[in-house]
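Good morning, colleagues. Please take a moment to look at the sequence and the structure on the screen.

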Amino acid sequence: MSEEFKVINPYNEKVTTSFNMEDFKSVEKKIRKLKSGKKELSLLSTFDRANILNKLADLIEKNQNELSALIVSEIGKTIQDAKVEMARSCATLRVSAIECTQLNGEVISSDHFGMTQNKRGIVEWKPVGLVLA
């Protein structure tokens, strides 16, 4: 049986929601499932990636009031601070959408290293997969 985690409003000390804590095996299973989609995600074009990020920003903007209220009840921020957090999240997603279309790579001259001359190395930037935070 997993342990229940309660989210408590810091102002009125009421439980806003609760969920079951995951055990290590359950988390590992979910990570494996996420990793299994890596190949499919690697096939997405930068155009598709940018669209996904912009759609997420659109969803956050559309649900800004509800999400801000959730932040207030779970964390205790002021409604103004919560709305600023929503705006910052949307801005970060939109900038990320622009940047993901700019990651083309670079050409590095081997002359810089002294061992070889008149050669070039080509670096192509690609997403590497799942990041946990």
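Predicted model: local features only at pLDDT ≥ 70, side-chain atom pairs only at ≥ 80, totals over all residues.

The protein contains five helices and four strands. Read from the N terminus, the order of elements is β-β-α-α-α-α-α-β-β. How does the radius of gyration compare with the globule rule? For 133 residues the rule gives 14 Å, whereas the protein has 22 Å, well over that figure, so the protein is more spread out than a compact globule. Along the principal axes, the C-alpha atoms fill a box of roughly 70 × 40 × 30 Å. As for burial, 14% of the 133 residues are buried.

Strand 1, residues 4-8, pairs with strand 2, residues 15-20, in the antiparallel sense, and the pairing runs over five bridges. Within that pairing, K6 faces S18 of strand 2. Six residues lie between the two strands of this hairpin, and E13 adopts a positive phi near 60°.

How many residues of helix 1 are buried? The count is zero, and helix 1 is thus described as hardly covered.

In helix 3 I would draw your attention to N51. Is N51 buried, exposed or partly exposed? Its relative accessible area is 29%; because buried means under 20% and exposed means over 50%, N51 counts as partly exposed. The C-alpha atom of N51 is 10 Å from that of C100, although 49 residues separate the two along the chain.

Finally, the largest pocket. Its volume is about 760 Å³. Helix 1 (24-36), helix 2 (38-42) and helix 3 (46-62) are the elements that each give two or more residues to the lining. Which element provides the largest share? Helix 3 does, with four residues. In total, 23 residues line this pocket, and those nearest its centre are L41, R49, P127, V128 and G129. Sorted by class, the lining comprises 12 nonpolar, six polar and five charged residues.

To close, I return to two points. Thank you for your attention.

Note on methods:
Residues numbered from 1 in each chain as written. Heavy atoms only, no water. 1 Å grid on protein atoms, 1.4 Å probe; cavity = no way out; pocket = protein on both sides within 12 Å on 5 of 7 lines; lining within 4 Å. Points joined across faces, edges and corners; volume = space filled by probe spheres on them. Nonpolar A, V, L, I, M, F, W, Y, C, P; charged D, E, K, R; others polar. Buried < 20%, exposed > 50% of the residue type's maximum accessible area, 1.4 Å probe, protein only. Pairing = 2+ DSSP bridges. Rg over C-alpha atoms; globule rule 2.2 N^0.38 Å.
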